[in-house]
Amino acid sequence: AGIRTHFVVACGAALMMVVSKYAFFDVISKGIYEGVEVRLDPSRIASTIASGIGFLGAGMIFVHRNTITGLTTAAGIWATSGVGMAIGAGLYSIGICATLIILLAQIILHKNFRWIRLPKAKVLVIKGVNEENFQESITKKLEELSISIRDVSIDSDSENSTRKYTFHIEMPY
């Protein structure tokens, strides 16, 4: 699970805890019904919703060729149920604030950071080289393109009198 999924689950769990703890303060927890003492625990409704939505979210998670999809969506639906519980219990400001926090986190923590350009590690393999000073000339060309060289390995092919160069490079973006 990625950082967004963890964040959404943490926000949803915190919200559901607040709902369970504070949303039912105005409900009488004890009473007598037909001569029998009755104890009410309306916060159990919140726990039932949380587990029920968790079951629905599990149906949204797919595994295909060692790739898991739908995990953040399932977490989002689970957290959304917490927002619904908060709004339904009359905790409007908490529900609205949680919604804004979750939406902001979904936008900021999205995996495609377009405004941040991190270097990308690549491997450049050049085979069949037989010219002298090849490494120096390719190093100069890569530096002109702002490409950093982290490591170079050279393998000789005695059969063809050529060399194979393996450059471990970092592209600027």
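How many bridges join strand E5 to strand E7? In this predicted model, local features need pLDDT of at least 70 and side-chain atom pairs count only at pLDDT 80 or more, whereas totals for chains, interfaces and linings use all residues. Residues are numbered from 1 along each chain as its sequence is written, and side-chain values use heavy atoms, with hydrogens and water left out.

Strand E5 (residues 120-129) is joined to strand E7 (residues 162-171) by eight bridges, and the two run antiparallel; strands are taken as paired if DSSP finds at least two bridges between them, and both strands (E, at least two residues) and helices (H or I, at least four) are DSSP runs numbered from the N terminus. Within this pairing, Val-125 lies opposite Thr-166 of E7. E7 also pairs with strand E6 (residues 148-157), again in the antiparallel sense, over nine bridges, and here Tyr-165 of E7 is the bridge partner of Ile-154. Four residues separate E6 and E7 in a hairpin, in whose turn Ser-161 has a positive phi of about 55 degrees.

Two packed helices are described by the angle and the distance between their axes. For helix H1 (residues 3-22) and helix H3 (residues 71-88), the axes come within 8 Å and cross at roughly 20 degrees, the axes being lines fitted to C-alpha atoms over the stretch in contact, with angles running from 0 to 180 degrees between N-to-C directions. H1 is therefore roughly parallel to H3, a term that applies to angles under 35 degrees. The contact (heavy atoms within 4.5 Å) involves residues including Val-8, Gly-12 and Met-16 of H1 and Ala-75, Trp-78 and Ala-79 of H3.

Technical notes. Parallel < 35°, antiparallel > 145°, perpendicular 65-115°, else oblique.
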